[in-house]
Amino acid sequence: MNLHPVNRLNLKDVMRSPSYLSMAVVVLLVPLQSVIQISYGRSDSAGFTVAYTLLILNISVYFLVNMLTVSLIVISEKSTGRCEYYLANKLEVQRLTSIYSLSSHLLCIGPIVILNILIMGYALMMEQKILQELYFSTSFVYFAITFLLFTRCVTSVMTLVSMLSTTPERIRTILSVGSVLFMFAATLTGTLINTLGFIPGRSTVIWTFGSSLLLLTLLCALVQHVLKKRLTNEAVILSCRQ
Amino acid sequence: MILKPAIPHADKYVISVEAVSKALQGNEIIKNVSFHIPFNSIYAIIGPNGAGKTTLLRLITRLLPLDQGYIRYGVDEQAVSVLLENDYLFEAKTGIDNLRDFGIYLGVDSAQVESAVTRYAGLLQLNSALGRKVANYSKGMKRKLSLLITLLRGTDILILDELTSGVDSESRMVMRAMLQQLKAEGKTIVITSHDLAEVQKVSDWITILVDGCNAEVINNATFDGDLEKRFFDTLEELRS
């Protein structure tokens, strides 16, 4: 991949940081263990449970890791004032922001890709039919594409918000709380669906998730467009604490 | 389209600031400031806290847009390197890693980084320190490293905000010698400082900024008084 040298530098620096490494280990092991446990389910709703859990885990892992990478790259550069230094030395603000955004996104997607490869590997080795059918379905490919678009857009928006915010540390708090709330809400919803007995099929769940992500991506893209127009040297400089 | 008026003898000046004003959050910070920085000079901007020096530098470096007036460059505007008041070093990394990483951000290739290190690290007495983590540096060493980073791009114009702030007298002497060396290489240097004695030793021209106004421009070559006394006399005159 032909990455800008700054992207490579960001990736190298963040992948060495203990907080990122710990987070990466946690988001690989815990979801993997969860998927292994539920894949042994034999109930009628096993297909729904596996699909729902897998999709929610992917999204939850993204939110958690995104909080960390945006914090380590964007918020840290903004809070220390290093941003102003780069801008003063003629780096273009749009270019700088897109570099930060790409670095954050790559560092988010990396663990997620590895997680899915591990689960797929487990499914193939242990002949878990439900997981195999899930991964090799058209609906999952659709979900994967919309997921990538969604995550790219959200990371970009979060980067822009952090660059324009006068309190970027608050963004970090909001992202942390948001990730936890999402997991809680998603788990609750899944449990409620199971309890009510109105259980959709596996494909229906995946298509619904994929389409929801696509819709959210379009909304995010609109927000991104508005924020990009506001992104100027003056806006970033004045939002830095004196 | 607004036509910018011609500035007399504009080709003599590397930066011309003409009737510049800027307000932030409803307060007028810079009020009708004009001065012209000659090529290959050391130009100092001094003033009390809150005079608007930082805002003026941000206007000159195009970090903030002007409300009124013009700032013209006699050379490519991109050929400006800036050292800000704070050091933005990566504390957990060594000096040489900081130079390489900032080089990456600033689009300077490794050969150019090595060349700058070879050329200036000895003058800044940093050679033996570059292999150590910045967290173990003194304030003076950090400031010198920040200056070295600013020199990586090899630009003809340097803007140095509070270069010797918080730095001991030995480091100040090293910085002074460095400024003379850079001037000898043909660079134009704009400095801001609270250290009036230091300013008087190194500068060719001095602008006194008070409450956002350009109170006085002093040609240091012909000025033989005490800058500190002149500065306080000017302040007193303006505030009475």
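## Exercises on a two-chain predicted model

Chain A has an accessible surface of about 11600 Å², and 70% of that surface belongs to carbon and sulfur atoms (Shrake-Rupley method, 1.4 Å probe; for residues, only the protein chains shown count as cover). The model is predicted, so local features need pLDDT of at least 70 and side-chain atom pairs pLDDT 80 or more, while totals for chains, interfaces and linings use all residues. Residues are numbered from 1 along each chain as its sequence is written, chains are lettered from A and ligands numbered from 1 in the order in which they are written, and side-chain values use heavy atoms, without hydrogens and water.

### Exercise 1

Step 1. Check the overall form. The radius of gyration of chain A is 19 Å, close to the 18 Å of the globule rule for 242 residues, so chain A is as compact as a globular protein of that length (the radius is taken over C-alpha atoms; the rule is 2.2 Å times the number of residues to the power 0.38).

Step 2. Look inside: 50% of the 242 residues are buried (under 20% relative accessible area; exposed is over 50%, partly exposed in between; 1.4 Å probe, protein chains only).

### Exercise 2

Step 1. Locate Y62(A) in helix 3 (residues 46-80) of chain A.

Step 2. Read its relative accessible area, which is 0%, so Y62(A) is buried.

Step 3. List what Y62(A) touches, not counting residues up to four places away in sequence: C108(A), I112(A), F147(A), T151(A), V154(A) and T155(A) (contact means heavy atoms within 4.5 Å).

Step 4. Compare sequence with space: Y62(A) and V27(A) are 35 residues apart in sequence, and 9.2 Å apart C-alpha to C-alpha.

### Exercise 3

Now move to chain B: which way do the side chains of strand 5 point?

Step 1. Recall that side chains in a regular strand alternate between the two faces of the sheet.

Step 2. Apply this to residues 80-83: V80(B) and V82(B) point one way, S81(B) and L83(B) the other, and all are buried.

Step 3. Find the partner. Strand 5 runs parallel to strand 6 (residues 157-161) of chain B, joined by four bridges (strands pair if DSSP finds at least two bridges between them).

Step 4. Pick out one position: V82(B) stands opposite I159(B).

How values were computed
Helix = DSSP H or I, 4+ residues; strand = E, 2+ residues; numbered from the N terminus.
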